[in-house]
Amino acid sequence: MIAPKLDERQTMASGRLPTIKADIKDSETATLILGLPSELLIEILRHVDGRSILQCSCVCRELKRVIDSSAELQYHIELALDCMLDGSQSTASIAERLEQLRNLRRAWILFEWKKEVRVPMPGFCQAYELVGGVFAKTSSSVVGHNQSSPRKFISSWLPSSSDPGHTLVRADIGVSTRDFAIDPSQDLIALVQSDNNFVNDSSHTEVHMRTISSNVKHPEASSPVLRTLTLSTMTSAFIQIVDDVIGMMFWMELESPHITIWNWKTGQTLVDRDGDDLPSHISDFSFISNRAYMITRGINGGSIQVFTFGENEHEITHVASLSLPPLKSRSHLVHCAIHTGPFVAKCLPNTPFWTNQDERIYVLSVQYIQVDPDIPSARPRFFLFFKNSTPLRYIQRYREQRETSSIEVPWEEWGPRESRMLNHQVPYQWLRYVHGHRVVFPLLSGSMQVLDFNLRKTKRHVFPPQPDSKASIEIIDYPTTILSDCIFPGPVETSLPYRVCRRDELKGFSGVMIDDQRLIGLKSPSFADGEMGDLYVFAF
């Protein structure tokens with residue numbers, strides 16, 4: 001990182017999980033169902049999703065008693081409420097996993113980490129990643145580093161509350177890299193070759209498919225190298241991995257943006273778009289799933305464009321266009337970047353549970369400008385937060401209604417209820433500040449706070465703040481308004497609920513990253529010319 005056809009699980013919107021529908025016509029039928037042995041009821045409910053089990057527990061006292069008596073059913077409920085999935089490879093018992101899940105939730109809700117550890121990360125940082133509890137970076141192994149030829153690769157499995165972690169250092173990975181992406185759950189690293197490697201064929205950029213553990217060709221990759229045409233010097237690029245696909249958005253000198261997506265296992269190019277093939281005024285790109293992505297546009301007030309793609313580059317469908325807040329005349333959107341947490345293909349080994357990849361928050365960073373000569377110049381910035389369930393719902397609607405053209409979604413239809421807009425206080429220096437439904441949010445005071453957009457609408461296992469707590473916690477479950485008379489024609493009201501968590505210990509960092517088990521503080525500026533310094537790990 002620098003600066004499938006969707007299945008039912010992928011297209012299901014949050015809060016619309018399937019429910020049990022029983023046609024109970026009279027009390028006799030209900031009595032027959034409830035007359036089944038508890039063991040049989042539990043066996044039936046084991047095959048139902050967690051939120052439906054929770055709904056069943058509200059039907060009557062007998063069902064609630066049966067459900068409350070089963071650790072496995074309780075575990076499925078708690079997983080669903082925490083937007084997690086079971087790690088089927090875990091050796092821990094269901095009761096042990098349930099206890100670990102509740103302990104982790106308690107730590108995040110009360111914002112009480114269990115330990116603090118400093119992890120040395122010496123040397124210059126050319127590119128970096130944080131995925132699946134692994135922090136990795138590339139740098140030069142030569143004293144007085146050559147920033148254009150980083151070949152040293154460091155990957156650190158960060159400490160958790162129960163594991164000390166470990167670090168792997170490779171002095172020379174054999175390729176000078178511009179950027180890279182990783183997925184530890186697949187032991188996969190994708191290395192984007194830097195321009196100074198282009199000796200024999202300067203018309204292509206190469207992406208090398210290696211294993212993190214041994215730096216050899218990945219055994220599931222049909223080809224060790226993926227290629228895309230680059231007829232001029234690449235000025236910037238970033239790459240992402242989602243399950244069986246790898247996507248890269250890049251810019252070349254005097255050229256418009258280019259988006260290439262491969263199936264890295266087969267080597268097939270699924271998307272290869274630039275110039276006239278892409279909408280104009282593109283700002284950024286992000287995956288929704290391994291068969292859907294969105295791009296942001298800065299024209300006509302700004303929008304989020306949703307696309308799906310298939311098994312060849314001709315199966316690209318423009319599904320929806322979600323408009324951003326309308327603007328006054330002579331107001332323009334000049335910057336629109338999007339960021340979300342990393343994707344992993346499966347649960348890591350010996351891990352009891354993992355974050356549901358379809359349950360995530362996106363952060364849109366937007367900046368506007370007013371060019372009316374009669375109004376003082378202004379360039380306000382805002383953050384807009386929205387859940388993955390929003391674009392997934394329009395993908396589902398497009399398919400169910402068999403639309404023939406993209407769905408035009410005005411701001412009033414989705415924004416006020418499904419997003420939250422906040423004033424931009426401090427720019428992010430380091431990425432990976434989003435994981436699942438949690439976002440690290442920097443403040444003008446120099447401190448950091450965590451916004452959690454998964455507010456549980458249940459009183460199950462509520463953890464009241466402790467009298468001696470070091471944390472400050474606030475629930476924002478009411479609408480808030482953005483006022484910018486020079487940019488918007490009226491107040492912009494949004495209402496996506498969230499929890500704010502603060503602690504004084506998070507002051508003094510240039511950036512704080514986040515994953516499901518930890519916060520990671522960094523004190524050096526991003527891509528500073530010198531030592532990166534230590535990682536400050538706060539393990540929950």
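**Entry 1: before starting**
I'm working from a predicted model, so every entry here is about computed values.

I went to the largest pocket and got a volume of about 1,200 Å³. Its lining is made of 48 residues, and the closest to the centre are Leu 348, Pro 349, Asn 350, Thr 351 and Gln 517. I then looked up which elements give two or more residues to that lining: they are helix H7 (94–110) and strand E20 (353–355). Sorted by class, I have 23 polar, 17 nonpolar and eight charged residues in the lining.

**Entry 2: aromatic pairs**
Searching the whole structure gave me 28 aromatic pairs. I picked Phe 153 and Phe 180, which sit edge-to-face, with 5.4 Å centre to centre and 80° between the planes. Where do these two come from in the chain? Phe 153 belongs to strand E5 (residues 152–157) and Phe 180 to strand E7 (residues 177–183), so I noted a link between distant parts of the chain, 27 residues apart. Buried or exposed, I wondered about Phe 153 and Phe 180? Both are buried.

Next I checked Tyr 428 and Tyr 433, a stacked pair at 3.4 Å centre to centre and 0° between the planes. Tyr 433 has 4% relative accessibility, so I put it down as buried; the cut-off is under 20%.

**Entry 3: a ring cluster and two charges**
I followed ring pairs through a cluster that takes in Trp 108, Phe 111, Trp 113, Phe 509, Tyr 536, Phe 538 and Phe 540. Phe 509 came up again when I looked at charges: the charged end of Lys 523 sits over the Phe 509 ring, 5.5 Å from its centre. I also found Arg 360 with its charged end over the ring of Phe 343, 3.6 Å from the centre of that ring.

**Entry 4: strand E22**
Why do I call strand E22 (residues 381–387) largely enclosed by the rest of the structure? Because six of its seven residues are buried.

Strand E21 (residues 361–370) runs antiparallel to E22, and seven bridges join them. Here I see Ser 365 opposite Phe 383 of E22. E22 also pairs with strand E24 (residues 419–423), again in the antiparallel sense, over five bridges. For Phe 382, I found the bridge partner in E24 to be Asn 423.

Terms used: Residues are numbered from 1 along each chain as its sequence is written. This is a predicted model: local features need pLDDT of at least 70, side-chain atom pairs count only at pLDDT 80 or more; totals for chains, interfaces and linings use all residues. Side-chain values use heavy atoms; hydrogens and water are left out. On a 1 Å grid over the protein atoms alone, a cavity is a set of points where a 1.4 Å probe fits but cannot get out, and a pocket is an open set with protein on both sides within 12 Å along at least five of seven lines; lining residues have an atom within 4 Å of a point. Grid points are joined across faces, edges and corners, and a volume is the space filled by probe spheres set on the points. Helices (H or I, at least four residues) and strands (E, at least two) are DSSP runs, numbered from the N terminus. Ala, Val, Leu, Ile, Met, Phe, Trp, Tyr, Cys and Pro count as nonpolar, Asp, Glu, Lys and Arg as charged, and the others, Gly among them, as polar. Rings of Phe, Tyr and Trp (its six-membered ring) pair if their centres lie within 6.5 Å; planes under 30 degrees apart count as stacked, over 60 as edge-to-face and the rest as tilted. Buried means under 20% relative accessible area, exposed over 50%, partly exposed in between (1.4 Å probe, protein chains only). A charge sits over a ring if NZ of Lys or CZ of Arg is within 6 Å of the ring centre and within 35 degrees of the ring normal. Two strands pair if DSSP finds at least two bridges between them.
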